[in-house]
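Here is a briefing on one protein chain. Keep the sequence and the 3D view at hand while reading.

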Amino acid sequence: MTSQASAVQTPKTFKPRIFSGIQPSGGLTLGNYLGALKRFVEKQDEGIETIYCLVDLHAITVWQDPAKLRQQTREGAAAFIAAGIDPKRSILFNQSQVSAHAELGWIFNCIARMGWMSRMTQWKDKAGKNAEAASLGLFAYPSLMAADILVYHATMVPVGEDQKQHLELTRDIAIKFNNDYGVDFFPVVEPLIEGAATRVMSLRDGTKKMSKSDPSDQSRINLTDSADMIAQKIRKAKTDPDPLPETAEGLKDRPEARNLVNIYAALAGHSVDQVIRDFAGAQFGTFKPALADLAVAKLSPITTEMNRLMADPAEIDRILGDGAERAAAIAEPILEQVFDITGMIRSRRK
Ligand code: ATP
Ligand code: MG
């Protein structure tokens, strides 16, 4: 069978499959929890096939201390499980254990264009003024991310709002690969950006995203923070002097107030309108303690379970190894087809 023939026979409809990842570039934040992890659990519970990954190859686009990287990867896995990911129902692993990601990533480096990559706002933000000194990996990161998704023929990707542009790039890469080789091989993926907190902002600056790699620990709530620490960070969170408005519309030009209300809504599972109805006219002196109590109530069971899981790192490594095997079983046959389509000889005895 020629490569063209095998490619033409590829079915055009793809089985619903979800893939998403989180970088072990630090401890997980409330932003990661509300924008990503909580959604990951919901998708698993809807019964869709779910594949979740600690993307360690992405983390090293910025230098990571090896011992810390190992610790953060295990802690990330513990957070997934503590938040409700069942490693039997979902596939949970760390990216570097499945080499198909990096292999397809290289092929996509040859599909993606320099101009596409240099337009990525995250590249511009992270490389900052000194782009010359940033790693080549940081520049190429979105093409590896496209490979992470497409090596599973994943059709849906739950992410926070900040990843929207990278998912558009993933679609462009899939379309260009399909066009360049005259195949209908990669699906055009659907971003799932849902909920009240798709973009949780920094507690110190309502115009900046909350990030685990932000140098200021006060800018974020970590899933490992104690109840006292969470309360203290919320108390000190930047706000304006006005009370909460009577309608959601009144939050429009108040980024810090809007952020705290969005966080409350997402944690409580209420709409923003509902939160505004409950707290209309309230001062931050009233709203902040209520938010702190809610955050502690929702996060402390996760923190406790994470700590319990972290006491047995060998068990976490076993879970990641098992997940990696199951992930590789899906990815490798897809990668073999890519080698066939692109004309790479595969004659080595296995
Ligand atoms: P880094 O600063 O190292 O990039 P990060 O906090 O941005 O870390 P990522 O690992 O890049 O975390 O992203 C993991 C997932 O969490 C992605 O789906 C991303 O969209 C989501 N996410 C990250 N930050 C936020 C946020 N502030 N609000 C909502 N979702 C977020
Ligand atoms: Mg990020």
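How many bridges join β2 to β3, and do these strands run parallel or antiparallel? There are 4 bridges, and β2 and β3 run parallel. The model is predicted. The protein chain holds 14 helices and 5 strands. Its radius of gyration is 21 Å, close to the 20 Å given by the globule rule for 350 residues, so the chain is as compact as a globular protein of that length.

**Overall build**

- Along the principal axes, the C-alpha atoms of the protein chain fill a box of roughly 70 × 45 × 40 Å.
- Of the 350 residues in the protein chain, 51% are buried.
- Take the contacts in the protein chain with a separation of 6 or more: 76% of them involve residues 24 or more positions apart.

**Surface and charge**

- The protein chain has an accessible surface of about 16,400 Å². Carbon and sulfur atoms account for 52% of that surface.
- The protein chain carries 42 positive and 43 negative charges.

- Strand β1 covers residues 17-22 and is mostly covered, with 5 of its 6 residues buried.
- I22 has L54 of β2 as its bridge partner. L54 in turn stands opposite N94 in β3.
- Strand β3 covers residues 91-94 and is covered on both faces. I91 and F93 are buried on one side, L92 and N94 on the other.
- In a regular strand, side chains alternate between the two faces of the sheet.

**H153: a loop residue with positive phi**

- H153 sits in the loop between α8 (136-150) and β4 (156-158).
- H153 is not a glycine, yet its phi is positive, at about 50°.
- H153 counts as buried because its relative accessible area is 11%, under the 20% cut-off.

**The loops on either side of α10**

- D205 lies in the loop between β5 (190-192) and α10.
- D205 has a relative accessible area of 25%, so it is partly exposed.
- D205 and P255 are 50 residues apart in sequence, but their C-alpha atoms are 8.3 Å apart in space.
- K238 lies in the loop between α10 (227-236) and α11 (255-268).
- K238 has a relative accessibility of 41%, so it too counts as partly exposed.
- Which residues does K238 contact, leaving aside its neighbours within four places in sequence? They are L203, R204 and E256.
- K238 and Y264 are 26 residues apart in sequence. From C-alpha to C-alpha they are 15 Å apart.

**N307 in helix α13**

- Helix α13 spans residues 284-310 and includes N307.
- Is N307 buried or partly exposed? N307 counts as partly exposed because its relative accessibility is 48%, and the exposed class begins over 50%.
- N307 and H270 are 37 residues apart along the chain, with 29 Å between their C-alpha atoms.

Technical notes:
Residues are numbered from 1 along each chain as its sequence is written. Chains are lettered from A and ligands numbered from 1 in the order in which they are written. This is a predicted model: local features need pLDDT of at least 70, side-chain atom pairs count only at pLDDT 80 or more; totals for chains, interfaces and linings use all residues. Side-chain values use heavy atoms; hydrogens and water are left out. Helices (H or I, at least four residues) and strands (E, at least two) are DSSP runs, numbered from the N terminus. The radius of gyration is taken over C-alpha atoms; the globule rule is 2.2 Å times the number of residues to the power 0.38. Buried means under 20% relative accessible area, exposed over 50%, partly exposed in between (1.4 Å probe, protein chains only). Contact means heavy atoms within 4.5 Å. Accessible areas come from the Shrake-Rupley method with a 1.4 Å probe; for residues, only the protein chains shown count as cover. Lys and Arg count as positive and Asp and Glu as negative; His and the chain ends are not counted. The place of a charge is taken as NZ of Lys, CZ of Arg, CG of Asp or CD of Glu. Two strands pair if DSSP finds at least two bridges between them.
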